[in-house]
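Have the structure open as you read along.

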Amino acid sequence: MTRGRFITFEGIDGAGKSTCLEFVRAWLQERGLSLVTTREPGGTAAGEAIRRLLLDKNTRICADTEALLMFAARAEHLEVVVRPALSQASWVLCDRFTDATYAYQGGGRGIAFDRLDTLRDWVQQGLEPDLTVLVDVDPGIASKRLEGRGGEADRFEREARQFHERVRGAYLELAARSPARIRIVDSTASVEEVQERLRPVLEELLR
């Protein structure tokens, strides 16, 4: 049985990841593929509990604890959801993965990438996404989008503009390092333009 494909979606809060993920999900579903849609942190009972802790505006933890919790949730997620789905030839679509940890805890919090490398190697054991869609947008635009949604901002969304600029910078650095895997999508473009950019990338994966 052929292993399924692993597609991740990245970007700062308010970039439009959910819109891209939904397009990809519908496009692949039309082609009769078995799909699993999930998210990080989360995707499992333990992961969702960790997610609530990490996003709670009242949580006070240091950067190292934050990074370790991200990888703890990821280890459970890979064991319970991702690896089993891929082994059954399902395609896994995941809202955020390890690139987010490099961007938020690395770029945003200042943890050195080489320290995160150690945790990545331990938890992932060589597993990497087949494709990462990086939905890119200026933090100022993203902030206005979040304000338009209403509701209470979570712990990360409450961070200062400079934090989100560092996160975006880290994402773009990661994309420059892995251009074959990470495809940048400008979310200020029209929905039609974004979809036109994604179609050939998906067709390449199908081949």
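Axes are lines fitted to C-alpha atoms, for helices over the stretch in contact, and angles run from 0 to 180 degrees between N-to-C directions. Keep in mind that this is a predicted model.

| Helix pair | Angle between axes | Distance between axes |
|---|---|---|
| Helix 2 (residues 45-55) and helix 3 (residues 63-87) | about 160 degrees | 8 Å |
| Helix 1 (residues 17-30) and helix 8 (residues 191-206) | about 45 degrees | 11 Å |

Let's begin with helix 2 and helix 3, which pack at about 160 degrees. Because angles over 145 degrees count as roughly antiparallel, helix 2 is roughly antiparallel to helix 3. Their crossing is left-handed. On the helix 2 side, the contact is made by Ala 46, Gly 47, Ile 50, Leu 53 and Leu 54, and these meet Glu 66, Leu 69, Met 70, Ala 72, Ala 73 and Glu 76 of helix 3. Sorted by class, the residues of this contact are eight nonpolar, one polar and two charged.

Now turn to helix 1 and helix 8, whose axes lie 11 Å apart at an angle of about 45 degrees. That angle makes helix 1 oblique to helix 8, and the crossing of this pair is right-handed. Which residues of helix 8 does helix 1 meet? They are Val 194, Gln 195, Leu 198, Arg 199, Leu 202, Glu 203 and Leu 206, and helix 1 brings Cys 20, Phe 23, Val 24 and Trp 27 to the contact. By class, the contact of helix 1 with helix 8 holds eight nonpolar residues, one polar residue and two charged residues.

Technical notes: Residues are numbered from 1 along each chain as its sequence is written. This is a predicted model: local features need pLDDT of at least 70, side-chain atom pairs count only at pLDDT 80 or more; totals for chains, interfaces and linings use all residues. Side-chain values use heavy atoms; hydrogens and water are left out. Helices (H or I, at least four residues) and strands (E, at least two) are DSSP runs, numbered from the N terminus. Angles under 35 degrees count as roughly parallel, over 145 as roughly antiparallel, 65 to 115 as roughly perpendicular and the rest as oblique. A crossing is left-handed if the near helix is turned anticlockwise from the far one by less than a right angle, and right-handed if clockwise. Contact means heavy atoms within 4.5 Å. Ala, Val, Leu, Ile, Met, Phe, Trp, Tyr, Cys and Pro count as nonpolar, Asp, Glu, Lys and Arg as charged, and the others, Gly among them, as polar.
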